[in-house]
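Work through the exercises below with the sequence and the 3D view open. Try each task before reading its solution.

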Amino acid sequence: MTTVVRTRERRETMATRVRVLSIVVGAALAGVAADYWLVQGLHGPEYRELADNNRLRRFPIRAPRGVVYDRDGRALAENVPSYNLLLEPDASNDLQKSLAFAAAILETDPGQLHRLLVAHRRERPVEPALVAENLTLAQVARFELAALEHPEFEVDVQQLRLYRHREQTAHVLGYLAEAGPQDLATGRYQRGDMIGRRGIESQFEAALRGEDGERVVVVDSRGRAVDEFPAKQPRQGSGLKLAIDLDLQQTAQRLLQDKVGAVVALDPRNGAILAMTSSPSYDPNLFARRLRPDDWMRLITDPNHPLQNRALQNTQPPGSTFKPLMALAGLSAHVIDTNTTFYCSGAATFYGRARRCWRRQGHGAVNLRAAIKNSCDVYFYNVGQRLGITRIARYARLLGLGQLSGIDIPGEKAGLVPDEAWSRRVRKIPWYPGETISVAIGQGPILTTPLQLAVMMAAIANGGQLETPHMVERIAPARTVEGIDPAAWQVVREGLRAVVDSGTGHAAYVPGLSIAGKTGTAQVIAQHTWTRAEDIAYAQRDHAWFVSFAPVENPQLVVIVFIEHGGHGSSAAAPVAKGIYEELLKKRPDLRAAPPA
Amino acid sequence: MRSSSRSGPISGLLRLPEEAATAGFGRLANVRWSLLLVALMLSVVGAATVHSASAAMPVEYLPRQLAWLGAGLLVFLVTFSVDYQRLALLALPFYGVAMALLVLVLFFGQVRGGSRSWFAVGPFGIQPSEVAKIATAVLLAQYLAGLEGEYLRLREIVTATGIVLLPVALLYFEPDLGGALMYLPLLAAMLLVAGIKKRYLVVAAGTALVVAALGWGLIHDYQRERVLTFLNPERDPLGAGYQVRQSKIAVGSGELVGRGYMRGTQSQLRFLPARHTDFIFAVLAEEWGFLGVAFVLFLYGSFLFGCAEVAARARDKLGMLLAVGFFATFAFHILWNTGMVVGLAPNSGIPLPFLSYGGSFMLFAFAATGLVLGVDFRRYVNR
């Protein structure tokens with residue numbers, strides 16, 4: 001009996017141990033369940049994203065870029081299909097054979113294709129390798145015919161930017177280049193995206209690029225596509241209509257051929273830019289594909305800097321083209337009037353230093369009109385002396401010099417209007433009164449861009465409205481230039497008309513069109529003797545300016561010409577303007593004045 | 001112990017207890033059938049999940065799994081019918097045969113998954129280690145049940161350990177670390193229930209640590225790699241850590257209600273390795289979400305509770321120890337596998353009872369279930 005009781009007690013003890021064990025296991029199971037709750041309930045969304053990253057591959061569908069048109073709707077920058085050859089080496093049974101097949105069609109060396117493949121694989125291991133670009137349609141057809149035998153090749157269609165007018169519109173439009181590390185860092189671009197650089201392409205990048213679409217493909221663990229979601233279609237970028245007149249643009253570029261310089265033509269009534277060229281130029285199509293290193297080297301080592309847009313970026317002394325502004329300032333400040341005369345003997349002394357007029361024999365007694373017409377230096381030395389640098393600088397700034405014009409393409413330079421404060425701040429030396437005399441004829445430290453002179457001439461043409469030059473239509477109210485004697489505009493316009501009719505700018509004269517203009521010469525090195533331009537080495541020759549507008553009675557077009565090392569404005573720059581006005585007359589015969597009776 | 005006094009000819013092995021024979025189905029009604037019901041429910045869930053897991057595989061494993069399930073039920077009938085007390089009389093020869101099989105498989109077995117642990121039987125494979133586990137459990141229970149005294153003596157503990165260490169050593173040579181590991185809960189649970197003094201417990205824990213340290217030097221490189229990867233899954237995300245990482249992604253992405261049956265992306269797109277066997281629970285978790293996980297864990301909980309209950313209400317030490325041994329084995333498999341799938345335990349190739357595809361383990365699970373219910377059935381007879 002005692003053994004039975006002991007056995008039963010023992011059994012109870014053991015049963016208790018079993019129950020304890022089952023509680024421990026139950027707790028452990030609850031612990032596991034709790035961890036599943038954490039992973040599935042709490043962190044589920046994170047893991048679901050990881051699962052989607054596993055199975056979804058996203059391929060961008062590039063949005064076609066917006067087309068850029070000139071004012072008459074002619075395409076300046078458009079998109080054309082371009083065929084690229086992609087190779088998926090894993091899909092090939094015999095890679096050597098595949099490469100030989102492609103090389104035969106492409107008329108290249110299989111080894112070269114293999115090198116491209118290896119280089120591409122190193123950079124982007126999961127994507128098919130780009131082994132050839134810009135296939136001809138015949139080549140495309142041959143690859144498509146062989147699609148069944150050679151599934152490893154795929155012809156990929158990309159939209160390629162085409163600049164039909166090449167060099168002629170390069171400085172207006174800019175170009176496209178592949179997104180760099182900084183662009184990728186913004187998070188708005190993906191590898192392989194093309195981004196607008198310079199010009200319109202850069203300025204209106206956001207509007208032009210549109211919105212890329214996306215293909216989402218479901219892949220298995222070996223990366224094979226098993227399904228595809230409906231694609232998100234791309235949205236093409238907005239088209240842009242420029243104020244540019246392709247005919248004037250092409251004429252300007254043609255006239256600058258073999259010269260170094262710039263032309264700006266704008267409508268003085270609203271600031272719309274009808275032509276803007278800079279020479280030498282470059283072919284922006286070179287950038288649309290990856291630029292070849294030798295092309296790039298040629299562009300950046302060219303001593304004439306073809307990538308520079310001289311119309312906005314070249315700052316030079318305006319030379320005598322500054323004289324109309326001096327006339328406006330002198331009249332408005334009442335230091336002269338229309339009858340004020342100075343005597344020009346070919347030279348005069350200011351602040352103890354002899355100053356020459358460009359005309360050795362002098363102009364004799366000249367009034368304002370004659371001084372403008374013949375560009376008499378001595379007359380404006382006197383005006384400058386009477387005004388002083390402070391007032392000269394103030395009037396120059398009133399007419400837009402020394403500041404950004406606000407044109408809607410990037411890279412513009414502000415130039416420089418010097419005064420005493422500038423001299424002390426920047427040069428750390430006092431302003432010398434003698435420098436005022438230089439500035440009075442647009443020499444010395446004063447620097448202007450062709451675009452700024454265009455704005456200044458537009459204000460003279462339209463009677464005091466300072467327009468913001470622009471490529472794309474927009475409503476930007478003009479600023480009225482304050483502080484100029486209202487009568488002065490007309491006086492200056494008449495003087496400028498005489499320049500072309502019978503003065504220094506006669507080389508720009510176009511029969512049947514009334515043109516107001518002014519020549520200018522920016523001294524490269526000071527000439528102490530009267531020298532002919534042709535006798536000086538090219539790099540030391542002066543820069544030539546011609547600023548103008550027409551018709552005088554009803555100004556429709558401002559034309560600024562700048563020729564680097566062109567010598568005199570009258571001989572180098574004025575004929576370019578003449579060519580542009582002739583083109584204008586062809587397009588607008590209504591501007592032709594009735595032939596004199 | 002009356003069992004030891006009872007004569008045990010082999011001819012009487014399949015005889016039902018006298019009481020059962022006289023009381024008919026009245027006794028059968030006292031068996032904890034819910035244990036079998038839960039096992040069958042889990043098997044159905046398992047078959048459905050195996051079907052989903054093999055959808056993206058060249059072989060459809062569902063028919064085979066159903067065949068194994070049928071075989072499992074037959075094995076259940078046999079082990080349920082056999083009087084475990086009579087079986088225990090044959091424990092030593094049974095154990096001897098099982099050890100012989102473990103030795104033979106080292107020479108004539110097929111290599112699968114890096115271990116020489118399979119006998120090929122037609123298109124099927126049989127793992128003798130599962131048979132050996134039952135033989136070991138029976139011998140161990142029989143040995144411990146025959147001992148007198150409140151607590152086990154050291155000599156008895158050493159003997160018991162020896163019984164288990166022999167198959168563990170043989171499995172080490174296959175090498176099948178996971179399989180070997182699954183013998184340990186058997187030993188630990190039976191020793192604990194049979195009665196072990198606290199100081200031996202402390203010594204055992206210390207020994208376990210020393211063995212673990214020594215084992216670190218003895219285990220194979222790939223096994224060490226698995227443990228290191230478990231400790232830091234990012235160590236080698238494309239190699240050994242890949243399975244665990246993909247498994248955890250599958251589990252987590254199931255969220256609350258799952259991706260839907262046959263629609264788990266991790267399983268159907270083949271990101272999840274061993275998805276029809278060791279990682280089947282990840283497929284379930286991905287496709288049925290936490291709701292499915294909670295449901296299956298609940299079933300496992302009831303199954304384990306049922307086993308423990310059978311053990312607790314058994315009237316004889318042999319039956320109790322046998323039931324506890326299987327309880328612990330099931331518990332360890334379930335906890336380790338579900339823990340492994342969610343990254344809580346190292347990946348050791350331990351299948352999930354009733355869910356994972358695999359014949360031998362299915363047979364073991366049903367054999368063990370039969371034995372456990374056999375204990376319950378005979379609790380009024382065997383004392």
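Two residues are in contact if their C-beta atoms, placed from the backbone, lie within 7 Å. The structure used here is a predicted model.

**Exercise 1.** Which strands of chain A does helix α10 lie across, and at about what angle does it run to β12(A)?

Solution. Locate α10 at residues 246–255 of chain A. This helix lies across β11 and β12 of chain A. Its direction makes an angle of about 25° with β12(A).

**Exercise 2.** In what order do the strands of the open sheet in chain A stand, and which of them are at the edges?

Solution. Start with the general rule: strands of a sheet pair through backbone hydrogen bonds, either parallel or antiparallel. Here 5 strands of chain A are ordered β12-β11-β21-β20-β19, with antiparallel pairing. Next, count partners: β12 (273–279) and β19 (516–522) of chain A each have a single partner strand, so they are the edges and one side of each lacks a neighbour in the sheet. Finally, neighbouring strands of this sheet are turned by 5° against each other on average, direction ignored.

**Exercise 3.** How many bridges join β11 to β21 in chain A?

Solution. Take β11 at residues 261–266 and β21 at residues 557–563 of chain A. The two run antiparallel and are joined by 6 bridges. As one example of facing residues, A:Val264 is opposite A:Ile560 in β21(A).

**Exercise 4.** Why is helix α19(A) described as largely enclosed?

Solution. Helix α19 covers residues 450–462 of chain A, 13 residues in total. Of these 13 residues, 13 are buried, so the rest of the structure largely encloses α19(A). After α19(A) comes A:Gly463, with a positive phi near 80°.

Notes:
Residues numbered from 1 in each chain as written. Chains lettered and ligands numbered in written order. Predicted model: local features only at pLDDT ≥ 70, side-chain atom pairs only at ≥ 80, totals over all residues. Pairing = 2+ DSSP bridges. Helix = DSSP H or I, 4+ residues; strand = E, 2+ residues; numbered from the N terminus. Axes fitted to C-alpha atoms, helices over the stretch in contact; angles between N-to-C directions. Expected span 1.5 Å × (residues − 1). Buried ≥ 20, exposed ≤ 12 C-beta atoms within 10 Å, placed from the backbone.
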